[in-house]
Amino acid sequence: MSLTETPVCNFGEKIKDFKLISTEDTFISLKDIKGQNGTLIMFICNHCPYVKAIIRELVDITNKLAKIDINSVAIMSNDVNNYPEDSFENMKKFAKINNFKFPYLYDETQNIAQNFGAVCTPDFFGYNKNNELQYRGRFTEMKNLKPVLDKKNDLLNAMELIAETSNGPKQQFPSMGCNIKWKR
């Protein structure tokens, strides 16, 4: 496991289009998941301890965001040959076990992760209703792979602000997690 931090938010960068297979065996593109007040694109995987530490709360937050017309999608881009826990079949199990209400997509070629500039899992990209990047930060403050419970959730607060004002917070803390497992 190589701890990696996301770069700072490139405010205003336009969202990249994609069309990927979901764990529901349907192809999903940006137009299928774009939210009226914003869109959250998450790069996650099944085996990362950073993802596992937040997954239940992350699902709860995406459900809250859906109520304010922000849609979410998760993309898995890791090399499954070297990391079989992240295989498409295991993605299906992971989505079911964790009760995903959002699409979980398989980026087999890793082109989508490269287009977005994703570097780790989890890596969050929060866009406003105009498809402009407004958040590239952490889920919440963590200590020893546990969310700090007396702190506000950075991701939820940022996405609520984006829904309300179309602008993300000026101060953002990088997300940290396992580096994306690139094919050799």
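User: In this predicted model, what percentage of the contacts in the chain with a separation of 6 or more comes from residues 24 or more positions apart?

Analyst: The model is predicted. Among contacts in the chain with a separation of 6 or more, those between residues 24 or more positions apart make up 78%.

User: How many helices and strands does the chain have, and what is its radius of gyration?

Analyst: The chain contains five helices and twelve strands. For 184 residues the globule rule gives 16 Å, and the chain comes close to that value, so it is as compact as a globular protein of that length. Its radius of gyration is 15 Å.

User: What share of the residues counts as buried?

Analyst: A residue is buried when its relative accessible area is under 20%. Of the 184 residues of the chain, the share that counts as buried is 53%.

User: How far apart are the centres of the positive and negative side chains?

Analyst: The chain carries 24 positive and 22 negative side chains. The distance between the centres of the two sets is 2 Å.

User: Why do the buried residues of helix α3 lie on the same side, and what arc do they cover?

Analyst: The buried residues of α3, which spans residues 88-97, are F88, M91, F94 and A95. They are on the same side of α3 because the arc they cover around the axis is only 110°. In an α-helix, residues three or four places apart point the same way, because there are 3.6 residues a turn. The arc asked for is thus 110°.

User: Which exposed residues does the opposite face of α3 carry?

Analyst: The buried side of α3 is covered by elements including β2 (19-22), α2 (49-67), β5 (70-76) and β6 (104-106). On the face turned away from that buried side, the exposed residues are K96 and I97.

User: Which peptide bond is cis, with omega near 0°?

Analyst: The proline concerned, P122, is placed in the loop between β7 (120-121) and β8 (123-127). The cis bond, with omega near 0°, runs from T121 to P122.

User: L145 has a positive phi although it is not a glycine; is L145 buried or partly exposed?

Analyst: L145 has a phi of about 60° and sits in the loop between β10 (142-143) and β11 (146-147). Its relative accessible area is 35%, so L145 is partly exposed.

User: S166 also is not a glycine and has a positive phi; is S166 buried or exposed?

Analyst: The phi of S166 is about 70°, and S166 lies in the loop between α5 (154-165) and β12 (176-179). With a relative accessible area of 13%, S166 is buried.

Methods: Residues are numbered from 1 along each chain as its sequence is written. This is a predicted model: local features need pLDDT of at least 70, side-chain atom pairs count only at pLDDT 80 or more; totals for chains, interfaces and linings use all residues. Side-chain values use heavy atoms; hydrogens and water are left out. Helices (H or I, at least four residues) and strands (E, at least two) are DSSP runs, numbered from the N terminus. The radius of gyration is taken over C-alpha atoms; the globule rule is 2.2 Å times the number of residues to the power 0.38. Buried means under 20% relative accessible area, exposed over 50%, partly exposed in between (1.4 Å probe, protein chains only). Contact means heavy atoms within 4.5 Å. Lys and Arg count as positive and Asp and Glu as negative; His and the chain ends are not counted. The place of a charge is taken as NZ of Lys, CZ of Arg, CG of Asp or CD of Glu. The arc is that of the directions from the helix axis to the C-beta atoms.
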